[in-house]
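Student: Could we go through some helix packing and some charged pairs together, one question at a time?
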Number of protein chains: 2
Amino acid sequence: MDVVKRLLPELSTALRKGNCGRLGVIGGSMEYTGAPYFAAISALKVGADLVHVFTAADAAPVVKSYSPELIVHPELEPGHWLQRMDALIVGPGLGREERSLQIARESIAEAQRLGIPLIIDADGLWAFTEHWISLTSPSLHRAELPIILTPNAVEMDRLAQKVLQLQTLGKSWEEIRYAVSRLADRLKMNIFVKGPTDMFATTDGKVRLFDREGSPRRPGGIGDCLSGVLACFLLWSTRSGGDIEKVGEAGSCFVRECARRAYEEIGRGMVAGDVIGQVAPLVKHIDKAIEKPSAV
Amino acid sequence: MDVVKRLLPELSTALRKGNCGRLGVIGGSMEYTGAPYFAAISALKVGADLVHVFTAADAAPVVKSYSPELIVHPELEPGHWLQRMDALIVGPGLGREERSLQIARESIAEAQRLGIPLIIDADGLWAFTEHWISLTSPSLHRAELPIILTPNAVEMDRLAQKVLQLQTLGKSWEEIRYAVSRLADRLKMNIFVKGPTDMFATTDGKVRLFDREGSPRRPGGIGDCLSGVLACFLLWSTRSGGDIEKVGEAGSCFVRECARRAYEEIGRGMVAGDVIGQVAPLVKHIDKAIEKPSAV
C-alpha cells in the first residue's frame with residue numbers, strides 16, 4: 001500500500017474544510033440511485049472533505065435519504081457549482097435518457113475547459129462513446145489533462161468498437177491490452193479497464209496491469225466505489241504533480257484490498273456497502289503505517 | 001446444511017458482475033413496501049449479484065430508501081428488463097388492485113415463455129388463483145419448468161378450493177398432504193407450503209416434509225425472505241441441472257436455521273430484518289464448511 005500512502009495529503013490542524021477536496025458526482029436516475037451514492041460516500045470516506053451529488057430530480061430525495069453526509073442537488077446539471085469542484089465523476093447511475101447524456105457531455109467538456117480532474121464511468125462512457133468525435137477537438141485534447149475513463153469489459157468493448165473498430169469482448173488478454181493501449185493513445189485519455197486483472201493505460205499508450213487479490217464476489221456497486229476513490233487519488237496526485245500511473249495502481253490496490261477484507265469478513269453475502277465499510281479502516285491502517293513505515 | 005452447500009455456485013476471481021445471478025422481484029404497493037425489499041435483499045445476501053425490484057410508483061421511493069444496494073424501478077411492469085432476468089419472484093407485497101394482478105399474470109406468463117425460473121408468492125398467488133385456468137393452457141404447462149408456488153396455510157386453502165374444490169384450512173396433516181400432492185400434479189407446478197412443517201410437492205405429486213428447528217416467533221416478512229432465498233437456489237439448481245426437490249429442502253433448512261439463530265440472539269422481539277441479518281453469516285458458515293467438510 002506504499003503507492004496509496006504516497007498519495008494521501010498530509011493532515012494538520014491548520015487545514016480548513018474543503019482543503020482535502022470538494023468533489024462532484026454527476027449521476028443517478030429514476031432507476032439507479034445507489035450508484036451515485038456509492039461513488040460519493042467512497043470519496044468522502046477515503047478523505048475528501050465535501051461531496052456534491054448532482055442527480056435527477058426524482059432520484060434526489062432518495063439519494064439524500066441514504067446519508068446526511070452528502071450534499072445532493074436535485075438536478076443533473078451542476079451549473080455554477082462546477083467551477084467550485086476540485087474533481088468530478090461523471091456517470092454513475094446516469095441512465096441513458098438523451099437529456100442526461102447531453103448534460104454529461106456538456107459537463108465533461110466544461111470540466112476539461114476548467115482543467116478539473118475527471119473520472120468518466122458507466123453511462124458517462126455511453127454519453128462519451130456515442131459522441132466521442134465531438135469531444136476530441138484540439139481544445140479538448142490535451143495529453144496533460146487528468147482524465148481517467150473507467151470502463152468494465154462491456155464498456156471497453158463498446159469504446160473499442162466505436163473508436164478503433166475493434167472488438168474486445170471475449171478476446172485474449174493480449175488483444176485487449178493492445179486495444180486499450182491504442183485507445184488511450186488515440187483519445188489522449190487514461191483508461192482504467194476493470195476486470196479479473198485491472199489494466200491501466202496512460203496517454204502514451206503504455207499499459208500496466210494490477211492483479212492484487214480482491215474478492216471472488218461481484219455484486220453491483222464496487223465499480224462506483226472505485227470511481228469515488230480514484231477521483232480523490234487523481235485530485236491529490238494532480239495537486240502534488242504526481243505520476244498518473246500511480247493513481248491507477250493506487251486505485252486498483254486500494255479497492256481490491258477493501259473488497260478482499262469485506263469478503264473475508266462477510267463471505268458470499270458481501271454487498272457493495274460492505275466494501276465501502278472497509279474504506280475508512282483501510283485508510284486508517286495506511287495512515288498508521290506512515291508513522292511506522294515498516295508496518296505495511 | 002449439506003443440501004445448501006451443494007447448490008452454492010463456486011466463486012472465483014474470473015467471475016463478472018451478474019454471473020451469480022440477476023434477479024427480479026415484481027411486487028410492492030402503496031401499503032406494502034417491506035415485502036419486496038425483504039425478498040430482494042435476501043436474494044442479494046444469499047449470493048445474487050444484482051437484484052431489480054419492479055414496484056408501484058408510490059412505493060418506489062420508499063423501497064429505494066431502504067437500501068442503495070437494490071435497483072428499484074417505479075413501475076410493476078418489467079417490460080424489456082424481463083428477458084435480462086435470470087430468475088423472477090412475483091407477488092411480495094403486490095396487493096390486489098386489478099391492474100397489479102393483471103401485470104403479475106402477464107409477467108408470469110412471459111417468464112414461463114422465456115423459461116425464466118419463477119417463484120410465485122403472496123398476492124402473486126391470488127392473481128394466479130383467480131385465473132388459474134387461463135394459466136394452464138398447454139404452452140404454459142410444461143412439467144420441466146422451474147416454478148415454485150409458495151403458499152402459506154390460507155393461500156394453500158384458497159388454491160385447493162379453487163382448483164380441487166377441496167378445503168385444507170383446519171384439516172388434518174394427511175388431508176393437506178393429499179391436497180398438495182394433487183394440486184402439484186394438476187397444475188404441473190412445484191408447491192412449497194409454509195407451515196409448522198414445510199411441505200414440498202413436486203410435479204409428479206411426491207410430497208416431502210421439512211421440519212428442521214426454526215423460530216417460535218412468526219413476525220411478518222419471513223416468508224418474503226424465503227422467496228428471495230428460494231429464487232437463488234432455484235436459479236443455481238436449474239443452471240447445474242440439479243434436482244428441484246433439493247431446492248425445496250435447501251430453502252426450508254436455510255431459512256429455518258436463519259430464524260432459529262435470530263430468535264436465539266434476539267428473542268421474542270425478533271423481526272424479519274433480524275432473520276435476514278443471519279443470511280450472510282450462515283452462508284459464510286456453509287462456505288467455510290465446504291473447505292472443511294467435517295465442520296457442518
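Tutor: Let us begin with a definition: a salt bridge is a side-chain nitrogen of Lys or Arg within 4 Å of a carboxyl oxygen of Asp or Glu. Please keep in mind throughout that this is a predicted model.

Student: How far apart are the closest N and O atoms of Glu257(A) and Arg260(A)?
Tutor: Glu257(A) and Arg260(A) are three residues apart in helix H10 of chain A, so about one helical turn separates them. Glu257(A) is buried, at a relative accessible area of 7%. The two residues form a salt bridge, and their closest N and O atoms are apart by 2.9 Å.

Student: Which residues are joined with Arg260(A) into one network by salt bridges that share partners?
Tutor: Arg260(A) also meets the side chain of Glu264(A) in a salt bridge, at 3.1 Å from N to O, and these two lie four residues apart in helix H10 of chain A. Through shared partners, the network that includes Arg260(A) also takes in Glu257(A), Glu264(A), Arg212(A) and Arg261(A).

Student: How many residues apart in sequence are the parts that Arg208(A) and Glu249(A) tie together?
Tutor: Arg208(A) forms a salt bridge with Glu249(A), with 3.3 Å between the closest N and O atoms. Because Arg208(A) lies in strand E9 and Glu249(A) in helix H10 of chain A, the pair ties together parts whose separation in sequence is 41 residues.

Student: At what angle do helix H9 and helix H10 of chain A pack?
Tutor: The contact of H9(A) with H10(A) comprises 11 nonpolar, three polar and no charged residues. The crossing is right-handed, and with the axes of H9 and H10 of chain A 9 Å apart, the angle is about 145°.

Definitions and conventions:
Residues numbered from 1 in each chain as written. Chains lettered and ligands numbered in written order. Predicted model: local features only at pLDDT ≥ 70, side-chain atom pairs only at ≥ 80, totals over all residues. Heavy atoms only, no water. Axes fitted to C-alpha atoms, helices over the stretch in contact; angles between N-to-C directions. Left-handed = near helix turned anticlockwise from the far one by under 90°. Nonpolar A, V, L, I, M, F, W, Y, C, P; charged D, E, K, R; others polar. Buried < 20%, exposed > 50% of the residue type's maximum accessible area, 1.4 Å probe, protein only.
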